Amino acid sequence: ARFPVRRIFCVGRNYAAHAAEMGNEVDREAPFYFLKSAHHVLFADGGEVPVPPRTDNYHHEIELVAALDKGGSGIAVADALDHVFGYAVGLDMTRRDLQQDSKDKRRSWDTSKDFEFSGLCSALCSPGKGARPDQGAITLHVNGTLQQSGDLADQVWSLAEIIAELSALYRLEAGDVIFTGTPSGVGPAAPHVATPAAGARMQSCAWYGAAAVALLGWWLLDVQAMMPRARLRREEGGAQ
Ligand code: MG
C-alpha cells in the first residue's frame, strides 16, 4: 500500500538539548517550522538512495514522523491524534554545511533541508493500542555507537500540540506528514572527507545507523559512500 504524501512539515528545535547544541534557544511561545517537498521523502522498508552532492557534512536527525489521514483547521489538542493514520521512524537528512552558510547569510534552508531523499522514513505503521507518541526512547546508533538519544517526553511540543498549532497556520489535509524534530547528538552520516568543493563526493567506508523509536521498533540504515546509496530496512527483534 502506498501513502499519498501531500505536504511535509518539519519542526525545528523541539528538543532543548538539540537546540542548545546548535547554539539556539527554544522559543516556547511557538514552534518553528520548515517544509520539505513531498517527492523528496521516501517511505520504505528497503531501497537505495544516493548521498547528495555538494556537502562534506551530511547529517542525520532521527525523528518521530506522523502521517495524517484527516485534516482540518483549528484542531483542538484533545482531538489532534485522531487525525493520525500512522507513524514512522524518520531521518531528516541535512546538508549541515549548507545550512550553517544559510544561517550566517540569513537565507532560507531550502538547499540544506529539501533535496532528493532528504526524508528517509520507515514504512508507516500503527503502534499498539495504548501506545502514546509523547513518551518512549528515540535513539540512533552510528557504526555501533549510540549517537542520538532522547525521549519523546523531552519534546518541547507534543505531536498533538504540533498538529493543533499547524492547523492554525494551515488547513491540514489527508496526506500531510509531520517530522517532529530531533533530539541532541546530530552528526555526520558519513565520515568527513576533505575534498575540493567542486565535484566533491562522499568517500570512504560505509556507516550504518540503527534508528529506533521505542514504540515503533528498530530500523537499520546503511549508507555506502563509494557507491552512494542508503538502505532503510526493518530489523526484527532489535538491532543493538
Ligand atoms: Mg530535523
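Which residue of β6 is the bridge partner of Leu68? Val84 is.

## Basis of the model

This is a predicted model, in which local features need pLDDT of at least 70, side-chain atom pairs count only at pLDDT 80 or more, and totals for chains, interfaces and linings use all residues. Residues are numbered from 1 along each chain as its sequence is written, and side-chain values use heavy atoms, with hydrogens and water left out.

## The sheet

Seven strands form an open sheet with mixed pairing. Their order is β2-β1-β11-β5-β6-β8-β3. The edge strands, β2 (32-36) and β3 (41-43), each pair on one side only. On average, neighbouring strands are turned by 30° against each other, direction ignored. Strands are DSSP runs (E, at least two residues), as are helices (H or I, at least four residues), and both are numbered from the N terminus. Two strands pair if DSSP finds at least two bridges between them. Axes are lines fitted to C-alpha atoms, for helices over the stretch in contact, and angles run from 0 to 180 degrees between N-to-C directions.

## Strand β6 and its partners

β5 and β6 pair in the antiparallel sense over seven bridges. Strand β8 (residues 119-121) also runs antiparallel to β6, joined by three bridges. Here Leu91 stands opposite Leu120 in β8.

Eight of the nine residues of β6 are buried, so this strand is largely enclosed by the rest of the structure. Buried means under 20% relative accessible area, exposed over 50%, and partly exposed in between (1.4 Å probe, protein chains only).

## The magnesium ion

Three residues supply the protein donors of the magnesium ion: Glu61 (OE), Glu63 (OE) and Asp92 (OD). Donors are N, O and S atoms within 2.8 Å of the metal (3.2 Å for Na, K and Ca); water is not among the atoms, so sites may look incomplete.

The spacing in sequence is E-x1-E-x28-D. Glu63 in strand β5 (residues 62-68) and Asp92 in strand β6 (residues 84-92) link distant parts of the chain, 29 residues apart. Both Glu63 and Asp92 are buried.

Strand β1 (residues 8-12) pairs with strand β11 (residues 177-179) in the parallel sense, over three bridges. Ile8 has Val177 as its bridge partner in β11.

Asn14 sits in the loop between β1 and α1 (16-21). Its relative accessible area is 0%, so Asn14 is buried. Leaving out residues up to four places away in sequence, Asn14 touches Asp154, Gln155, Val156, Trp157, Ile162, Thr180 and Gly181. Contact means heavy atoms within 4.5 Å.
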